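The following exercises concern one protein structure. Please examine the sequence and the model, then work through each solution in order.

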Amino acid sequence: MAETLPNADNDPCDVLRRGRPAAGQDPVKRGQIIDGARRVFIDKGFEAASMNDITREAGVSKGTIYVYFANKEELFEALIEEERGTIFKNMYDMLDRADDLRQTLVKFGKVLSLKITSAKVIQAQRTVIGASDRIPDMGARFYERGPKRGHDKVVAFLNAAIERGLLQIDDVDLAAYQFTELCLAGLFRQCIFAYRTKAPNQEEIDQIVRSGVGMFLKFYGTEKLAEEEASQTIALEA
């Protein structure tokens, strides 16, 4: 039996005056639906999951779900956005207060690699890849709202390092992609194709990232960077 919405839902202002959110605006109900959808998508995958499955798992009527989400695709995108916000929250903040270039790149690279290869992120990316064949626009939106935004932040960081005279890069966009690939060397493909059954450990990530940052700075680093690092080493040994 479908849930009956109160007549006041036709007047959102009246509902808010009574202390209740308007139809489709209750964050608790929205979260309840997303939590149910999360369990269904994990269990069945995007293609096999149905709105009926999500309705049962979330414990709401189908009418209520459609007040919040127009279709399964919109619900899945909302779920991905929520997961992304939780997992990657504040991750790029360390790029805003960089002093030691090498150490900043290492710290950021380790966090990036750890999160990208986590079971939750790998599962989400597999689901998006699977759905993108049928709904290419959804895959494009996923990339633009997530990986592309992160890439742009790395580009901005590298440009700032260039202005400081620490890096010399002709194609910063390409260099940003090279940096992230170096930090994930061998890991992402093994995880996404389930060659690995467990996420890489911190020690392995540390080794790969430090090696990748070393290669990156050896190619793009300037004499000024080398001089600054030499001075820091002398200061530490003194």
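Helices (H or I, at least four residues) and strands (E, at least two) are DSSP runs, numbered from the N terminus. The model is predicted: local features need pLDDT of at least 70, side-chain atom pairs count only at pLDDT 80 or more, and totals for chains, interfaces and linings use all residues. Residues are numbered from 1 along each chain as its sequence is written, and side-chain values use heavy atoms, with hydrogens and water left out.

**Exercise 1.** Determine which helix holds T55 and whether T55 is buried or exposed.

*Solution.* Step one: T55 belongs to helix α3, residues 51–58. Step two: buried means under 20% relative accessible area, exposed over 50%, and partly exposed in between (1.4 Å probe, protein chains only). Step three: T55 has a relative accessible area of 13%, so T55 is buried.

**Exercise 2.** Identify the contacts of T55 beyond its neighbours within four places in sequence.

*Solution.* Step one: contact means heavy atoms within 4.5 Å. Step two: with those neighbours left aside, T55 is in contact with V60, S61, K62 and I65.

**Exercise 3.** Find the contacts of L158, again leaving aside neighbours within four places in sequence.

*Solution.* L158 is in contact with L167, I169, V172, A175, A176 and F216.

**Exercise 4.** State which helices each supply at least two residues of the lining of the largest pocket, and which gives the largest share.

*Solution.* Step one: on a 1 Å grid over the protein atoms alone, a pocket is an open set of points where a 1.4 Å probe fits, with protein on both sides within 12 Å along at least five of seven lines; lining residues have an atom within 4 Å of a point. Step two: the helices are α5 (72–87), α6, α7 (119–132), α8 (136–145), α9, α10 and α11 (187–192). Step three: α9 gives the largest share, eight residues.
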